[in-house]
Amino acid sequence: MSTWNDPAGGFLAVSTPDYLPRARLAEIQLQRLRSVVTRAYERVDLFRLRMEERKLTPASIRGLEDLQQLPFTVKNDLRDTYPFGLFASPMEEIVRLHASSGTTGKPIVVAYTREDLQVWQEVIVRTLASCGVHRGDVIQNAYGYGLFTGGLGLHYGGEGLGATVIPISGGNTERQLMVMQDFGVTVICSTPSYFLHLIEASQAMNKPVGVRVGVFGAEPWSESMRQRIQADTGIRAFDIYGLSEIIGPGVGAECQAQAGLHIFEDHFLPEIINPDTGKVLPDGTEGELVLTTLSKQAMPMIRYRTRDVTTLVSEPCSCGRTLRRIRRIERRSDDMFIIRGVNVFPSQVETALLQVEGTLPHYEIVLTRDKGLDQMDVRVEVTPEVFSDKMRSLEAVHRKLGDAIEHVLGIRVSVSLVEPRSIARSEGKAKRVVDKRKL
Ligand code: DLL
């Protein structure tokens, strides 16, 4: 990383692998792929057994296209081998553990060697640089510190870049706003839903959110939400992507073009598959993102099925990076629910809500079952102005929301307007769907 610094001591993004010619990148990828497959085969029972079933050995990987012969890895593999079964390094070489609990079942545990932490720091430095963060910036890191990868991941990357990092973690909104003003914060890192909460509190306390850049990720958010955030606060809001199983944050990030997230392909090899058949789809087609780690030592992942739905974009980007991009991830193949035979993603509801003036993008979807029939109620907060206004405007907003959702989903669902601040705020990832049908 030291070679990326310019003589004046700053970070020189153009000297990173972000700008490598594609042919050179492919050479690095193949060399790393062969080495990671060998490591997984030799050190992890599950990978070796699955390869043997298919009569494959590490020598079967002759070109990058041979990746397609390898078996997938899924989240349940991590659960089944809980806690340490997929580790490829002895415990003496593992210097950090993180865990992610997800919404159901046992947590999954992920491990890092010292070299893995260096790679992680490197990709976060590149992430932040891509979002326009630099030395001299003061970063308020409101991602949760602890087992979650967001806090410590962004932390060391921010320090690696040479910026000033405030490790405030999530929560305690009043203190967040005080620090933001008093410490001259220029960059905020948090989930987009928590940032909305900060904006709202800052308006109530009459303390403007005076930052320049927002580095948002860890949960789906829509383009309309970005527009709303940028218009309300004057900051530039960037999307960053990652998952614990692969490294944490730092898998991909938007650049100044804000037109998709560049994947750090020298460390993570992306594929898009049809989630039903497992077949690899060409660039430009929507499907499930599958990632292979190219340099992870403690826990290599071969063809990990992320369940995140996106499209790989191979057209050149105006920023000059040669790395392919993914479109913003608005949904997971497993957060879909079916109501009256219609497939629904929470992001579709969010898009509809953001089309209507007078609502705040705080919402939750409640699913219930009444006499065997599924019911969906979208609970939406309205702005204090609308709420304190005459009944007429409430009714108008109510009708517009019903229409907007019907337009997007094709079915009429119930909408409840609720008082400002009555839906629980999250300090981390927002929970949008409350499914009471199984209770
Ligand atoms: O959320 C890592 C992270 C931390 C990413 C901070 C960005 C910023 P997990 O807790 O393992 O890791 O959750 C990973 O979150 O598979 C996606 O479904 C979702 N996700 C992460 N980033 C985005 C994003 C971290 N930018 C899971 N847009 C992933 C949409 C995202 N979904």
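**Ligand shell, backbone features and helix packing**

The residues that form the shell around the ligand comprise eight nonpolar, eight polar and four charged members. In this predicted model, the ligand is surrounded by 20 residues, of which Gly150, Gly217, Ala218, Leu243 and Ser244 are the closest. At least two residues of the shell are supplied by each of four elements, namely α5 (149–161), β7 (236–243), β8 (248–254) and β12 (304–313). Among the contributors to the shell, β7 gives the most, with five residues.

Ala218 is placed in the loop between β6 (213–217) and α8. With 25 other C-beta atoms within 10 Å, and with 20 or more being the criterion for burial, Ala218 is therefore classed as buried. A positive phi in a residue other than glycine is also found at Arg303, where the value is near 50 degrees. Arg303 lies in the loop between β11 (286–293) and β12, and β12 is itself one of the elements that supply at least two residues of the shell around the ligand. Arg303 has 20 C-beta neighbours inside 10 Å and so counts as buried. A further backbone feature is the peptide bond from Tyr82 to Pro83, which is cis, with omega near -5 degrees; Pro83 has its place in the loop between α3 (75–80) and β1 (94–100).

On the α6 side the contact is made by Thr173, Gln176 and Leu177, and on the α7 side by His197, Leu198, Ala201 and Ser202. Three of the residues in the contact of α6 with α7 are nonpolar and four are polar, with no charged residue present.

For the second pair, the axes of α8 (residues 223–233) and α9 (residues 346–354) come within 9 Å and cross at roughly 40 degrees, and the two helices are therefore oblique to each other. Ser224, Met225 and Arg228 in α8 meet Glu350, Thr351 and Leu354 in α9. By class, this contact of α8 with α9 consists of two nonpolar, two polar and two charged residues.

As to the overall fold, the protein has 11 helices and 20 strands. Its C-alpha atoms fill a box of roughly 70 × 60 × 40 Å when the dimensions are taken along the principal axes. For a chain of 439 residues a compact globule would have a radius of gyration near 22 Å, and the protein, with 22 Å, therefore agrees with that expectation. Of the 439 residues, 43% count as buried, a category to which both Ala218 and Arg303 belong. Among the contacts in the protein with a separation of 6 or more, 66% are accounted for by residues 24 or more positions apart.

Technical notes:
Residues are numbered from 1 along each chain as its sequence is written. This is a predicted model: local features need pLDDT of at least 70, side-chain atom pairs count only at pLDDT 80 or more; totals for chains, interfaces and linings use all residues. Axes are lines fitted to C-alpha atoms, for helices over the stretch in contact, and angles run from 0 to 180 degrees between N-to-C directions. Angles under 35 degrees count as roughly parallel, over 145 as roughly antiparallel, 65 to 115 as roughly perpendicular and the rest as oblique. Two residues are in contact if their C-beta atoms, placed from the backbone, lie within 7 Å. Ala, Val, Leu, Ile, Met, Phe, Trp, Tyr, Cys and Pro count as nonpolar, Asp, Glu, Lys and Arg as charged, and the others, Gly among them, as polar. A residue is near a molecule or strand if its C-beta atom, placed from the backbone, lies within 6 Å of it. The radius of gyration is taken over C-alpha atoms; the globule rule is 2.2 Å times the number of residues to the power 0.38. A residue is buried if 20 or more other C-beta atoms lie within 10 Å of its own, exposed if 12 or fewer, and partly exposed in between; C-beta atoms are placed from the backbone.
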